[in-house]
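Hi,

Here is the structure I promised to pass on.

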Amino acid sequence: DDIICILGLNDPKIMITGFDRKNLYFEVKKSKHKDIDILEYVQNHSGDSGIIYCATRKNVDNVYIMLLNNGIAATRYHAGLSNEVRKQNQEDFIYDRKPVIVATNAFGMGIDKSNVRYVLHYNMPQCIENYYQEAGRAGRDGEPAECILYYAPIDNRTNRFLIENGEENEELDAITKQIVMERDWERLRQMTFYCYTKECLRHYILNYFGEQTSGYCGNCLNCLTEFETVDATMEAKAIID
């Protein structure tokens with residue numbers, strides 16, 4: 001509606017598509033040894049192009065060095081690098097000179113690379129919006145691609161720190177700042193629930209964006225896993241008491 005109004009369009013053709021990307025496989029992996037798990041994944045997909053997202057520059061540098069030390073042709077991207085280095089690293093990735101790139105979420109906007117076969121998240125993003133946008137950079141050619149989030153409880157603490165200490169908009173008054181903060185907390189809670197849910201991961205994401213699904217996609221870890229139902233009534237009562 002905003003675009004129609006701003007451009008002054010008269011009776012334009014409107015096409016509405018859903019958020020679903022059926023070629024993307026989703027998985028949340030509870031990991032105590034992220035470096036080992038990610039190195040193993042990259043080595044097992046040595047012929048593929050992939051993106052590894054990290055929440056901080058420090059994590060980007062550490063993962064990048066870890067990959068280099070293990071013979072992986074990788075590059076990196078974050079705001080701490082010079083413009084020239086970022087441009088060179090981006091081109092090395094786009095033209096497959098370095099098939100793997102480790103980056104903060106500053107990387108990816110406007111990047112037209114169709115053959116990304118996997119997007120790994122070293123850290124949990126702050127919200128579903130960020131996660132789905134970043135994960136969606138995989139499989140743009142329509143071929144199968146994997147989106148795996150490596151989760152650890154420390155990710156929550158990191159995100160809480162980033163929310164509490166992020167750059168403040170000086171134009172906002174105290175009440176508006178509080179509203180924005182509460183909105184960010186709620187988005188972080190929804191992102192955390194995604195990491196723990198046993199329901200279909202695709203259904204969780206699409207439902208978050210207001211789309212209804214059958215609740216089973218057959219192309220995420222949860223749909224391909226048989227969970228055992230356990231009666232935890234007594235434990236729940238003990239916690240409440």
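**The largest pocket**

Helix H5 (128–135) and helix H6 (154–164) each give at least two residues to the lining of the largest pocket. Helices here are DSSP runs of H or I, at least four residues, numbered from the N terminus. This is a predicted model, where local features need pLDDT of at least 70 and side-chain atom pairs count only at pLDDT 80 or more, while totals for chains, interfaces and linings use all residues. Residues are numbered from 1 along each chain as its sequence is written, and side-chain values use heavy atoms, with hydrogens and water left out.

The lining has 18 residues, and Cys54, Ala55, Thr104, Asn105 and Leu162 lie nearest the pocket's centre. (On a 1 Å grid over the protein atoms alone, a pocket is an open set of points where a 1.4 Å probe fits, with protein on both sides within 12 Å along at least five of seven lines; lining residues have an atom within 4 Å of a point.)

**Around H8**

H7 (residues 174–196) and H8 (residues 201–208) have axes, lines fitted to C-alpha atoms over the stretch in contact, that come within 10 Å and cross at roughly 160 degrees. That makes H7 roughly antiparallel to H8 (over 145 degrees, on a scale from 0 to 180 between N-to-C directions). Contact means heavy atoms within 4.5 Å; Arg187, Gln190, Phe193 and Tyr194 of H7 touch Leu201, Tyr204, Ile205 and Tyr208 of H8.

H5 also packs on H8, at about 120 degrees with the axes 11 Å apart. Here Ile128, Glu129, Tyr131 and Tyr132 of H5 meet Tyr204, Ile205, Leu206 and Tyr208 of H8.

Cheers

Terms used: Angles under 35 degrees count as roughly parallel, over 145 as roughly antiparallel, 65 to 115 as roughly perpendicular and the rest as oblique.
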